[in-house]
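Dear colleague,

I am passing on the structure we talked about, with the sequence alongside.

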Amino acid sequence: MSSEFGEKIKVSIFGESHGEAIGCVIDGLPSGVRLDMDKIYADMSRRAPGKDKFATPRLEKDIPHILSGTLDDVTTGAPLAMIIENTNTRSGDYGNLLTVPRPSHSDYPAYVKYNGFNDIRGGGHFSGRLTAPIVFAGAVAKQILEEKGIVIGAHIFQVGNAFDKAFDKNNVSSDLLKKLTSNNFSVIDDNAEEKMREEIESARMAQDSVGGIIECAVIGVPVGVGGNMFSTVESKLSSILFGVPAVKGVEFGEGFGFASMRGSQANDPYCVKDGKVAVKTNNNGGVLGGITTGAPIIFRVAIKPTPSISQPQQSVNLQTMEEETLVVKGRHDPCIVPRAVPVIEATAALGILDLMT
């Protein structure tokens with residue numbers, strides 16, 4: 001099992017949901033970067049569970065403990081290693097999953113691939129808890145990118161049948177992105193939050209869950225980053241985005257909307273702006289031929305509903321090979337979309353930094 005991403009900036013994620021700790025090792029960071037730990041803690045807090053009735057009640061402080069790679073909060077150039085202790089586990093809740101896998105979770109394919117030795121508690125290494133080290137690594141990457149004038153932010157575009165405003169693809173301000181990254185429930189239109197929370201509450205009361213879409217923007221990336229064929233900006237970002245549990249779809253710019261457009265509508269005409277070549281529209285999301293155009297990089301990710309729900313579900317007992325009704329115990333999010341926003345920002349930061357290093 002390998003959980004490593006990156007070519008020049010390499011990030012390795014380790015640990016299990018109910019193990020002693022989770023963490024990451026970041027290799028390839030430049031030396032001399034002063035880390036603002038308060039900003040890192042803020043991003044970690046946005047992802048952390050147990051602070052909202054719409055999230056899992058499992059309360060984890062998610063305080064990162066840096067083991068190596070910094071001195072007085074300044075990177076040394078050595079691999080940066082970090083751990084987060086798991087302090088609030090209830091492994092007994094997962095005893096029945098050893099033989100009866102949860103529908104739409106990794107339980108069954110992991111059981112087959114690893115001959116039944118995979119850690120099932122809380123999902124083990126497949127758990128969404130493993131996104132905490134991703135957020136830490138991404139928060140470090142964000143600070144390095146900010147020194148280059150690159151800003152990243154995301155918002156909840158959709159939860160169930162409730163929608164937020166979309167980004168203006170060709171006019172995204174750093175002020176808006178910084179506002180979004182300061183909120184635990186990130187939306188552009190404040191009125192959207194109430195409707196989204198109603199969708200989540202409806203699912204929670206029905207012992208169910210609901211999915212959604214996160215929209216992310218990256219501004220300040222110069223023209224010419226990336227490559228064609230199999231080294232594209234889209235492929236680089238998608239490869240890490242699909243490493244986030246529950247991500248089942250990624251689109252750039254208009255994405256699947258291109259299917260209903262004509263070329264005259266989809267094309268982004270060129271113009272001169274502030275003495276430079278620019279695009280009048282940004283339907284392609286800031287990438288053409290796999291290479292950045294200088295326009296904002298805009299993409300969306302689809303997040304599926306949390307597989308662990310309290311309703312009885314049909315499954316199979318792997319020991320008796322008979323169908324069986326499964327009731328999932330434990331503490332789970334009725335909607336993981338709000339907590340996934342800083343995770344998506346983090347993956348974008350890691351992907352862009354790797355491309356620009």
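Y270 lies in strand 12 (residues 270–273), where strands are DSSP runs of E of at least two residues and helices are runs of H or I of at least four, both numbered from the N terminus. At 57% relative accessibility Y270 counts as exposed, since exposed means over 50% relative accessible area, buried means under 20%, and partly exposed covers what is in between (1.4 Å probe, protein chains only). Together with V277 and L288, Y270 forms a nonpolar patch on the surface, with about 330 Å² of accessible area in total. The areas come from the Shrake-Rupley method with a 1.4 Å probe, and for residues only the protein chains shown count as cover.

Please keep in mind that this is a predicted model, in which local features need pLDDT of at least 70 and side-chain atom pairs count only at pLDDT 80 or more, while totals for chains, interfaces and linings use all residues. Residues are numbered from 1 along each chain as its sequence is written, and side-chain values use heavy atoms, with hydrogens and water left out.

Patches take residues with over 30% relative accessible area and no salt bridge, joining like charges within 9 Å and nonpolar side chains (Val, Leu, Ile, Met, Phe, Trp, Tyr) within 5 Å. D36 sits in the loop between strand 3 and helix 1 (37–47) and is partly exposed, with a relative accessible area of 33%.

Turning to the strands, an open sheet of five has the order 1-2-3-7-4 with antiparallel pairing, two strands being paired if DSSP finds at least two bridges between them. Its edges are strand 1 (4–5) and strand 4 (65–68), each of which pairs on one side only. Within this sheet, six bridges hold strand 2 (residues 10–15) and strand 3 (residues 21–27) in the antiparallel sense, and F14 stands opposite G23 in strand 3. Elsewhere, strand 11 (residues 247–252) has five of its six residues buried, so it is largely enclosed by the rest of the structure. Strand 11 runs antiparallel to strand 16 (residues 297–303), joined by five bridges, with E251 opposite R300.

The whole structure contains 15 salt bridges, each defined as a side-chain nitrogen of Lys or Arg within 4 Å of a carboxyl oxygen of Asp or Glu. One of them joins K39 to E146, the closest N and O atoms being 3.4 Å apart; this pair links distant parts of the chain, with K39 in helix 1 and E146 in helix 3 (residues 131–146), 107 residues apart. Both partners are partly exposed, K39 at 43% and E146 at 38%.

Helix 1 also holds R46 and D43, three residues apart, about one turn of the helix, and their side chains meet in a salt bridge (3.1 Å, N to O). R46 is buried, at 6% relative accessible area, as is D43 at 8%. In helix 5 (residues 190–205), R204 and E201 are likewise three residues apart, and their closest N and O atoms are 2.9 Å apart in a salt bridge.

With best regards
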